[in-house]
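Please open the structure in your viewer and keep the selection panel at hand.

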Amino acid sequence: MSKGTRRIAVSLALGLLVLGGASAAPDTSRSDPVFSHPLGADARPAMNASFGRLSEKAVVAGSFVQTTRVQRLGRNLVSKGEFLFSAKDGVYWKLTSPYPSSIVMTATKLVQVSESGEKSVIEAKDNLVFQRVAGTMQAVFSGRPEALEREFEAYFQGDASSWRLGLVPKDKSVRGIVASLVVEGGDSIRALRLNEASGDVVTYSFETARKADDLAEGERGLFVF
Amino acid sequence: MDSSFSKAYGLWSRTRRSHLWAWALANALLLAAGLVLRPLAVDTNIVSILPDAGVDPSLDAAERRVSGASNGGFYLLVAHGDFETAKRCAEEIRESAKDHPEIESLTLRLDEGSYGSFSDYLFENRYALLPESTRRELEEGKGELVARASLAEIYGPLSIGSLDRIDLDPFALSSSELKSYLGSGLLRGLSASPKDGVLAAEKDGLWYVLVIGKLKGASVGTGGKGDFVPALRALCDAKAAANPGLRVVYSGVPFHAYESSQSAQAEIAAISTVATILVLLLTVLFLRSVVPLVVTLLSLLAGVGAALASTNLIFGQVHIFTLLFGTSLIGNAVDFALLFFAEWKNPDEDRSGPEALRRVLGQITLGLATTLVSYFALLTAPFSLIRQIAVFSIFGLIGSFAAQVLVFAPIRSPRPSSPAMPIGFSRALLGSYRRLRGSPLALRVALAALLAAGTALGFSRLGAGNDIRSLYSVSPRLGASEKEAASVLGLAGAGQYFLLRGANEEELLQREERLCALLSGAEAKGELRSHAATSMLLPSRERQRSSYRLVAKELMPRANAQMQALGFTGVEEAVFRADFASRAGRELGPEEFFAKPFSGFMKSLWIGRIGKESFSAVLLMGVKDKAALRALGADSPGARFVDTVGDVSAVLDRYSLVAMILLVLAYLATFAGLWPFYGPRASAAIVGAPLLASVLASAALGLLGLSFNIFAAIALILVVGTGVDYAIFYYDGAKHPEVTAIGIFLAMITTFISYAALAFCSFAPAKTFGWVLTVGTAASYLIAPIAARLGRSRKAS
């Protein structure tokens, strides 16, 4: 029976994983012009140079504006906040308006902290989909094209001073959440657009204020739970 | 005694003309009923030998449904360093195996339709499915906090769930519910996730692609009665040979069932063959004639036929382990024929068959009766396999006895030229006892002291207990496979769960909810990692109603502000309010829930109605503190903590105690049965032989490093019959001790061979059973002449 019980456990848990891993919506189009430029040998030096500049500093901090376009309602939801990226620790997002909250994504956890300070934790370490989302964020901010190319079909347009990178997940399961991404940058990331499988589009516009080799003393605690 | 058996012999003699017909008719009827009208079915299901927990028939039935639902399931992990190769091979294996007649389902690709179905379910039932944390906040009057948290969720980065329907779900309740399930302890420790349309895990540089299978009901727990497991292994081996670096990891009861039934079948064949050949050789060697050989074989066949037919008739099938234990019958069943033929070859008496029978009828009838007493005692054991073995043995012994007495006894005398029996052998044997009696007292005391010291040492090392994990030894290949699968899937050990019962489905779900609240507390204290219950996705109607009321009281007054915060107008707010109002009184029940395509994984936990009650299981994972959970179950109405290994082991411990009581009763019944024939002192001496042999056999288990368990206790019951037989044969054969000694020696050695073969069997229960009987039989044989002499001298005195 112990074996038998374990069978149920696996079915049950894997079933929930599947259900939690994706939503049911058609793939969004790849209308952005960058998707006309598959990454080839000719564009690779420019992409490497661009990402080389991103990876010079391990810590990047600044502000962001997030615009969520809800397709079905034809409505934009706009919020603002600050971000802190650490190549080693993860990404910290602090929403300042209209409703304060924060979210931290590390390699193993997704932690949301509400206005009242209450935390809700989702263990990402055992969920491949979460791991990939976290890994993608890390790879984008830390300028690691090889990590991105493992998981995405890459498209590239521009040069080191101004470039656009299009990414389409190779994995069907990930495409069930994010149909494609477009990253814009120069010295640092300027914008990130997520085309969700549901048709909604989330755009982040970044304003980099600080680059550093390591986190400041007071910042380390943000990634510890 | 003589007059009783003289009368019996007289009856036999007067009716001998009708014996063959009567025997043939009885056998024909039995074989027709047991093997022709009801074709022989051999059950190879290893799971079915486990006893029920034996507390409550309904709970036992519920437990069987839980295990039955899961025992047919199995997993294949197709592993390769390259994900694409692993996935391709998994697809090819699935494609080739899916149409096997024993397969009910074989799944590789994820059902993407269930994604939307689940999402819709959460949205449609967002008021009924409020997460516990949200309910708690609303109960505490923190509606404002919940409302603001939902706005932060909607506006926040990396929001969970879709925002498509926030006009009808402005408090983002469906997102909260999804987050609650994703954050539930259920997922902790799991390593497989969706990847490219399949479930996969990466570990130590290997990609594992998961294939989930289920056998059809008829094949559950047996590994398939046909060729499913070997066919699957052959397919996977071929795939591995064609794709270097590819490995397939197997996990599931069907693989264990197949391996154990295969090894049991091979061992039965080997044990039966070796035992039969040795018995036949010894028969020819000692009786110096092929007539006893043929007759012994025929009476044995008659016994086995009667045993199979009656067992199949009574139980509807014969378990493979009954056949395994039943092979020991070979040794017992031939005893009657061997005693008869030893007398048939007696050079000093009339050697006609009827005369030989007249001389041994008393011995073999009492021998049969005392052996049957042991097996009848086993019939009362609350363990179906033991009862089946008892029925098999009772009918096998009676069938063999009947064939010998009714069919073969009227045999003609052996030819005068027939070679004599090796009387010198038995003279030497009996002479050794005389020499021992005549040896110096110091030597006898030293021998007795040595025996006592060995016995004491054995008992000092003897452990007692029934841990079912020790009863089945998995093969190294399958063991390694299971270990790897557990490591990859991250689900080591989950043998515990709660069974819940309720007068109806509503009471059952309410009880689940109360238990789950306690389990969440236990998780916080680290007593377990996580749990899963139907009520997590299907709350009780009472809870659905109270959740709706909480939303109405705490959130709806904030609807206007919430809709404005999201930029909606009064028209959209009116639509939202109308939608909320329309959902009042709408309740979700099991019938609707289990019709959803994603509910399949919960069906294994929902047992449903048994008798007048409803049952369900709450699955526990990563149990750290069984005692705490057991106590928690005791405090929860209708809940019972099930620890399969612990519970079955405890049941076997109880049954061991029952077997020991049966053992005492068997001795008392045998003693009482012998008293009218032999008187109290001789009867005491006769039963003393197996009693002392049992002590030695138990001590031998300690010396062999084996535990005293239920199977040892049962074997001791059988030692009573065997040991008493030998003592009776010696006691009654005093007129022709050398002839009797040959018959008893043959009876002992054939029995000994059968039991010794069991002792070397790989199936742990058969090993313990075999060792106790081997030592018990040998010791009974060695003690029997001493007991018979003591009995006689006391009778003389």
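In which helix is Ala8(B) found? Select helix α1 (residues 2-14) of chain B, where Ala8(B) is located; helices (H or I, at least four residues) and strands (E, at least two) are DSSP runs, numbered from the N terminus. The model is a predicted one, in which local features need pLDDT of at least 70 and side-chain atom pairs count only at pLDDT 80 or more, while totals for chains, interfaces and linings use all residues. Residues are numbered from 1 along each chain as its sequence is written, and chains are lettered from A and ligands numbered from 1 in the order in which they are written.

Next, select helix α14 (residues 335-344) of chain B, which is mostly covered, with 10 of its 10 residues buried. Among them are Phe336(B), Phe340(B), Phe341(B) and Trp344(B), together with Asp335(B) and Glu343(B).

Continue to helices α17 (residues 423-438) and α29 (residues 737-759) of chain B, which pack at an angle of about 95° with their axes 8 Å apart. Axes are lines fitted to C-alpha atoms, for helices over the stretch in contact, and angles run from 0 to 180 degrees between N-to-C directions. The angle therefore makes α17(B) roughly perpendicular to α29(B), a term that covers 65 to 115 degrees. Residues in this contact (C-beta atoms, placed from the backbone, within 7 Å) include Phe425(B) and Leu429(B) of α17(B) and Ala741(B) and Phe745(B) of α29(B).

Now turn to chain A, where 11 strands form an open antiparallel sheet in the order β6-β5-β4-β3-β2-β1-β11-β10-β9-β8-β7; two strands pair if DSSP finds at least two bridges between them. The edge strands, each pairing on one side only, are β6 (119-123) and β7 (152-159) of chain A. Within the sheet, select β4 (residues 101-105) and β5 (residues 109-113) of chain A, which are joined by four bridges; Ser102(A) stands opposite Val113(A) in β5(A).

Finally, display helix α7 (residues 143-155) of chain B, which packs on the sheet and touches β2 (75-86), β3 (90-97) and β4 of chain A.

Notes:
Contact = placed C-beta atoms within 7 Å. Parallel < 35°, antiparallel > 145°, perpendicular 65-115°, else oblique. Buried ≥ 20, exposed ≤ 12 C-beta atoms within 10 Å, placed from the backbone.
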